[in-house]
Amino acid sequence: MILLADGGSTKCDWILLDDMGEVIFKTRTKGLNPAVFEKSLLQKRLEENEELYSHKDQIETINFYGAGCGTPKPTAMLKKVFEDFFVHATVIEVKEDIVAAVYAATTEPGVVCILGTGSNSCYYDGKEIHISVPSLGYVLMDEASGNYFGKKLICDYYYKRMPNEVALDFEKKFDLSSDVIKENLYKKDNPNTYLASFAEYIFTTERNAYFDKILAIGIKEFIEARVLCFDQANHVPIHFIGSIAHFSEDVIKAALLPYNLTLGNIVRRPIDGIIEYYRNQVVKKK
């Protein structure tokens, strides 16, 4: 049996397929970003999932695509966690989430972008994936991501740049005391996920001019930093993966126009595209 996973910092979607590519189960755990979380926490999140725990001795192949898996050290650490948990697995592959994004978005050349808790991009030439700029995470990069917009909301609230009616509602939804915010950012685990939790407010509240403005600024920054860095960007579709992209489709369309860029596919959850990719591999083997 083949276990497929698409993981970020906030959540991880899992699907177990049989040898014919049929789904045995779908499940979800909390995020498994090995660049952010300690080994013990990664182990705990696997053990807490009933479906994974009950099938762990039957799984032979694992293909994990996740945030934080773009450099050797965290990738090796997460692979060791899987080896210890799925003791009978003979094939364990851990790859960056951008690979799953490509599988979900296209089989043709294009720029593929992730807008989720974090953000990233690559150019896919139809065969190989090309990364222009390595992701350095939420402190330095992650334009137009969940943590980017969460940080923007908190700052605007404190600097009183947020419209008064929005600020009054915002403070009803979140604990915005400075002590709580600083404790979550500087003393607790997962500050990027904490910041991203605020971004939900933009998409669960009625859209207004203020939200449109900060979305447009963030997506413009992302395009200039993460799309225009590819020489091919003006000649291929620009695909987007993730919840932020899904809920910002109109803003993305408008942001691409000044640069003469062509919007490709927008996919909220890449796991379904991964299933189709692996089913196609089964057919090819036959």
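The legends below describe close-up views of a predicted model.

**Figure 1. Overall fold of the predicted protein.**
The protein contains 12 helices and 10 strands. Its radius of gyration is 19 Å, close to the 19 Å that the globule rule gives for 286 residues, so the protein is as compact as a globular protein of that length. The C-alpha trace spans about 60 × 45 × 30 Å along the principal axes. Of the 286 residues, 49% count as buried. Among contacts with a separation of 6 or more, 65% come from residues 24 or more positions apart. The accessible surface comes to about 14300 Å², and carbon and sulfur atoms hold 51% of that surface.

Leaving aside neighbours within four places in sequence, the contacts of Val111 include Cys122, Tyr123, Val227, Phe230 and Ile238. In soluble globular proteins, nonpolar side chains tend to be buried together.

Not counting residues up to four places away in sequence, Leu3 touches Trp14, Ile15, Leu16, Leu52, Ile59, Thr61, Ile62, Asn63 and Phe86. The C-alpha atom of Leu3 is separated by 31 Å from that of Ser248, which is 245 residues away along the chain.

**Figure 2. The loop between strand E8 and helix H5, with Leu140 and Asp142.**
Leu140 sits in the loop between strand E8 (129–130) and helix H5 (146–158). Leu140 is exposed, its relative accessible area being 63%. Together with Leu136 and Val139, Leu140 makes a nonpolar surface patch of about 340 Å². Asp142 is placed in the loop between E8 and H5 and, at 6% relative accessibility, counts as buried. Although Asp142 is not a glycine, its phi is positive, at about 60 degrees.

**Figure 3. Helix H5 with Asp156 and Lys152, and the loop that holds Lys160.**
Asp156 and Lys152 both lie in helix H5, 4 residues apart, about one turn of the helix. Their side chains meet in a salt bridge of 3.5 Å, N to O. Asp156 counts as buried at 3% relative accessibility, whereas Lys152 counts as partly exposed at 26%. Lys160 lies in the loop between H5 and helix H6 (164–173). Lys160 is not a glycine, yet has a positive phi of about 60 degrees; with a relative accessible area of 73%, Lys160 is exposed.

**Figure 4. The salt bridge between Arg207 and Asp250.**
The closest N and O atoms of this pair are 3.1 Å apart. Arg207 lies in the loop between helix H8 (191–204) and H9, and Asp250 lies in helix H11 (residues 249–256), so the pair ties together parts that are 43 residues apart in sequence. Arg207 counts as partly exposed at 30% relative accessibility, and Asp250 is partly exposed with a relative accessible area of 46%. Elsewhere, salt bridges that share partners join Lys152, Asp156 and Arg161 into one network.

**Figure 5. The salt bridge between Glu48 and Lys44.**
The closest N and O atoms of Glu48 and Lys44 are 3.9 Å apart. Glu48 is exposed, with a relative accessible area of 52%, while Lys44 counts as partly exposed at 45% relative accessibility. The count of salt bridges comes to 12.

Conventions: Residues are numbered from 1 along each chain as its sequence is written. This is a predicted model: local features need pLDDT of at least 70, side-chain atom pairs count only at pLDDT 80 or more; totals for chains, interfaces and linings use all residues. Side-chain values use heavy atoms; hydrogens and water are left out. Patches are made of residues with over 30% relative accessible area and no salt bridge: like charges are joined within 9 Å, nonpolar side chains (Val, Leu, Ile, Met, Phe, Trp, Tyr) within 5 Å. Accessible areas come from the Shrake-Rupley method with a 1.4 Å probe; for residues, only the protein chains shown count as cover. A salt bridge is a side-chain nitrogen of Lys or Arg within 4 Å of a carboxyl oxygen of Asp or Glu. Helices (H or I, at least four residues) and strands (E, at least two) are DSSP runs, numbered from the N terminus. Buried means under 20% relative accessible area, exposed over 50%, partly exposed in between (1.4 Å probe, protein chains only). The radius of gyration is taken over C-alpha atoms; the globule rule is 2.2 Å times the number of residues to the power 0.38. Contact means heavy atoms within 4.5 Å.
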